[in-house]
Amino acid sequence: MPGTSLVHRTPLWLKLVGVLCVGILPWVTSAGWPLAVVTIALVGVVLVARLPARRLARSMRGLLPVLVVLLAFQWWAHDLAYAVRVVLGIVNAFVAAGILTATTPVSDLLDGVVRAARPLGRVIDPEVVALTLGIVVRSVPWVAGSFASVRESARARGLDRDPRAVVVPSVVHVVSFARATGEALAARGLTDPAGDDEAPGRHTAPTGSP
């Protein structure tokens, strides 16, 4: 059943180490075959986790134009072998991160971030870091869904080829969402209150003045 595979049950720290190793590998090897082996291994992990291949292919389709341009540029600047290594490194990191997020509950990810940030508690607030990541995780699908909704609406009116009919409403929705999120955080006292006492244009009269 989905959610009960070996990959889903793997501890979070081990998944994070795996993603880190996949990301570092292109920097420590000058050969292409280790990256190809990692690609095959990641495909095996996807199969073991029983992740929907269609969803992965759809996410990769959005990345494909960037990969093609990057492959052509690196081929022109260096050589084909180097270009293939760069593209494989990006694809592997993308797939590994996708496996991590698809097989780990968001709450577990945020808890893991809080635990990892606690040694840096004097520099950053772990709870604020987790809150920030939670907002990002919530915002990305919302923005994507809003964009898709606006695009469908524009298509129904025959305006899907007009960038303004898609971009302008999407920007308005995103700005509205950002303001609503900021107001919700302020209402819970999660924003910096320092500026409240010294708001622009507000001056405190000196003691004893008439």
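Predicted model: local features only at pLDDT ≥ 70, side-chain atom pairs only at ≥ 80, totals over all residues.
Residues are numbered from 1 along each chain as its sequence is written, and side-chain values use heavy atoms, without hydrogens and water. Local features need pLDDT of at least 70, and side-chain atom pairs count only at pLDDT 80 or more, whereas totals for chains, interfaces and linings use all residues.

Helices are DSSP runs (H or I, at least four residues), numbered from the N terminus. Two packed helices are described by the angle between their axes and the distance between the axes. Axes are lines fitted to C-alpha atoms over the stretch in contact, and angles run from 0 to 180 degrees between N-to-C directions.

Helix α2 (residues 12–28) and helix α3 (residues 33–49) have axes that come within 10 Å and cross at roughly 160°. α2 is therefore roughly antiparallel to α3 (angles over 145 degrees count as such, and those under 35 as roughly parallel). Contact (heavy atoms within 4.5 Å) is made by Val 22, Leu 25 and Pro 26 of α2 with Pro 34, Leu 35 and Val 38 of α3. By class, this contact of α2 with α3 has six nonpolar, no polar and no charged residues; Ala, Val, Leu, Ile, Met, Phe, Trp, Tyr, Cys and Pro count as nonpolar, Asp, Glu, Lys and Arg as charged, and the others, Gly among them, as polar.

The axes of α2 and α5 come within 8 Å, with a crossing of roughly 170°. These two helices, α2 and α5, are therefore roughly antiparallel to each other. On the α2 side, the contact includes Leu 12, Lys 15 and Leu 16, and on the α5 side it includes Gly 89, Asn 92 and Ala 93. Eight nonpolar, three polar and one charged residues form the contact of α2 with α5.

α3 and α5 pack at an angle of about 20°, and their axes are 10 Å apart. α3 and α5 are therefore roughly parallel to each other. Among the contact residues are Leu 42 and Val 45 of α3 and Arg 85 and Ile 99 of α5. The contact of α3 with α5 comprises 11 nonpolar, four polar and one charged residues.

The second largest pocket has a volume of about 270 Å³. A pocket is an open set of points on a 1 Å grid over the protein atoms alone, where a 1.4 Å probe fits, with protein on both sides within 12 Å along at least five of seven lines; lining residues have an atom within 4 Å of a point. The volume is the space filled by probe spheres set on the points, which are joined across faces, edges and corners. Of the 14 lining residues, Lys 15, Gly 18, Leu 42, Val 45 and Ile 99 are the closest to the centre of this pocket.

Note on methods. Parallel < 35°, antiparallel > 145°, perpendicular 65-115°, else oblique.
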